[in-house]
Amino acid sequence: MEIMNDMGVCVYMETKKENKNLGSYPLCISVRDFNMELAINNESTSASSSGSLNLLEFPSSPAIEEYQSEIITESTQTYIEEGQVYQDKQTVAAAMKNYSVMHKFQFRVKRSSHRSYWLICVAESCKWHFKETSINDSTMFKIRSFSRQHTCCLMDEIFIQRKRTASVLGSMVIPKYCDPKTVYTPKDIQTDMLSEHGLNLSYMQAWRAKEKALQFLRGNPCDSYNKLPKYFYILEKNYPCSVVKLKKAADDCFLYAFVALCTSINGWQHCRPVVVVDGTFLKSAYMGIMLTASTMDAAGTILPLAYAVVDSENDASWKWFFEQFKGAYGERPSMCVVSDRRGTRSYTLDEFNERMLKIEEVDLRVKSYLYDIGYHRWSRVHATVNRTFTMTSNIAESLNAVTKDARELPIFDLFEYMRTLLERWTKEKLSKAKGTFVST
């Protein structure tokens with residue numbers, strides 16, 4: 001992360017709050033103010049006004065150094081025993097929930113604090129217990145005592161009826177939903193839980209587990225909008241010369257968001273001046289419309305130029321989208337914008353006249369309206385610019401097909417999906433291009 005101003009400091013502090021491990025890494029400081037005389041009296045660190053990059057080594061605590069190679073970071077740990085060290089209390093708590101599902105029993109929390117975590121069986125007379133405490137008041141927790149043998153007799157039905165079962169099962173199926181294209185239905189959850197853990201779930205229980213998994217993975221849809229300012233700031237720093245815009249309504253609520261990455265902006269100079277635009281519905285909690293602009297590159301593949309999320313598809317949103325697009329890409333001679341919402345499908349003048357006669361039979365006012373607009377503005381056959389081979393909006397439809405499943409994601413995850421999609425396509429094109437050259 002590169003901190004350039006006060007906003008960068010704010011982003012760093014917010015990131016540090018969310019990622020507890022951020023402070024365990026070395027901190028790189030680059031001195032950019034050449035007029036500042038800076039001297040740090042430290043045996044391991046020195047900085048001056050030369051603009052060099054210096055590394056500040058933070059001493060690790062004895063606890064971290066002792067258990068560095070043994071720290072468990074995954075809550076999917078299947079084998080639990082005394083002496084194990086977990087990165088934090090939340091990790092071991094989630095691991096114990098998964099453990100209880102696999103062994104079909106229930107526990108209750110007897111004591112829980114920032115220093116200790118003590119579990120016992122739900123049966124009063126059972127000797128099963130689990131104790132862990134923090135290591136030297138750090139965030140890491142170590143299992144001090146674990147009696148895995150139950151002295152009670154619990155039936156599976158008791159476990160199934162517990163209210164928190166959906167949360168536990170949801171945490172277990174999270175990996176199934178990491179890829180938006182993956183189809184993993186409640187019926188699949190029922191089948192897997194029965195075959196892998198011997199749990200006979202009802203469809204409603206499986207459905208709740210799916211909803212919990214999606215909530216754990218994607219968070220609250222409302223919080224997703226709050227992440228956009230920080231995300232756009234980081235996007236601008238990692239993709240210089242990109243154009244990202246965020247517009248709010250009068251009540252300070254989200255209205256529009258626009259992204260045009262520098263990779264697309266640079267590639268546009270080597271493409272035909274034909275832009276295909278389209279809008280498609282989003283399926284997330286707050287709905288909305290995703291507007292896209294794309295073109296065909298020299299290799300005949302799709303190049304997404306820009307994408308935006310707006311409240312609805314209307315004149316105001318399209319006007320704002322094209323204003324941002326013009327600011328990012330400018331204008332080129334004989335530039336053409338293709339949309340399936342403004343034009344007829346006539347490829348010859350005779351076909352065009354035939355369709356206009358049919359319109360005239362329905363309502364003469366419609367024909368007059370289209371004539372006043374100007375045929376060259378919406379008709380293929382009257383177009384004054386060269387569309388080359390781009391006669392339809394199939395490019396946009398193909399892009400919509402690729403992003404079909406991603407349109408169910410919260411807005412933050414949707415923008416990140418589009419970024420990674422563009423990055424992956426760019427790398428594939430570069431790899432293919434390099435393979436076409438043979439050294440002699």
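Predicted model: local features only at pLDDT ≥ 70, side-chain atom pairs only at ≥ 80, totals over all residues.

Analyst: Strands S5 and S6 (residues 116–121) run antiparallel and are joined by five bridges. Across this pairing, Arg108 faces Ile120 of S6.

S11 and S12 are antiparallel, with six bridges between them; Asp278 has Thr292 of S12 as its bridge partner. S12 and S13 form a hairpin with five residues between the strands, where Gly300 adopts a positive phi near 80°. How enclosed is strand S12 (residues 289–296)? Seven of its eight residues are buried, so S12 is largely enclosed by the rest of the structure.

The nonpolar cores come next. The largest of them contains 32 residues, and those with the most contacts inside it are Phe232, Leu235, Val259, Leu261 and Phe415. Elements giving two or more residues to this core include helix H9 (228–238), strand S10 (254–260), strand S11 (274–281), strand S13 (302–310) and helix H15 (411–435). H15 supplies the largest share, eight residues. Val259 illustrates how parts of the chain that are separated in sequence come together: leaving aside neighbours within four places, Val259 is in contact with Phe232, Leu235, Val243, Val244, Leu305, Ala306, Tyr307 and Phe415. Apart from this core lies another, of 24 residues, among them Trp268, Cys271, Ile289 and Ala308.

Side chains of opposite charge can pair when their charged atoms come close. Lys429 and Asp297 form such a salt bridge through their side chains, at 3.1 Å from N to O. Lys429 lies in helix H15 and Asp297 in the loop between S12 and S13, so this pair links distant parts of the chain, 132 residues apart. Are the two partners buried or exposed? Lys429 is partly exposed, at 27% relative accessibility, whereas Asp297 is buried, at 11%; the cut-off for buried is under 20%, which means that the two residues fall into separate classes.

Salt bridges also occur within single helices. Glu416 is partly exposed, with 24% relative accessibility. In helix H12 (residues 349–362), Glu351 and Arg355 are four residues apart, about one turn of the helix. Their closest N and O atoms are 3.3 Å apart, and the two form a salt bridge. Glu351 is partly exposed at 25% relative accessible area, and Arg355 is likewise partly exposed, at 36%. The count of salt bridges in the model comes to six.

Two buried residues in helices complete the view of the interior. Ser317, in helix H11 (residues 315–329), has a relative accessible area of 0% and is therefore buried. Beyond neighbours within four places in sequence, the contacts of Ser317 are Tyr256, Leu291, Val310, Asp311 and Ser312. His197 belongs to helix H6 (residues 186–197) and is buried, with a relative accessible area of 14%. Not counting residues up to four places away, His197 touches Met102, Lys104, Met172 and Asp192. Of these, Lys104 is 93 residues from His197 in sequence, yet the C-alpha atoms of the two are 8.3 Å apart in space.

Trp207 lies in helix H7 (residues 203–218) and counts as partly exposed, at 39% relative accessibility.

Note on methods
Residues numbered from 1 in each chain as written. Heavy atoms only, no water. Buried < 20%, exposed > 50% of the residue type's maximum accessible area, 1.4 Å probe, protein only. Contact = heavy atoms within 4.5 Å. Pairing = 2+ DSSP bridges. Core = buried A, V, L, I, M, F, W, Y, C linked by side-chain atoms within 4.5 Å. Salt bridge = Lys/Arg side-chain N within 4 Å of Asp/Glu carboxyl O.
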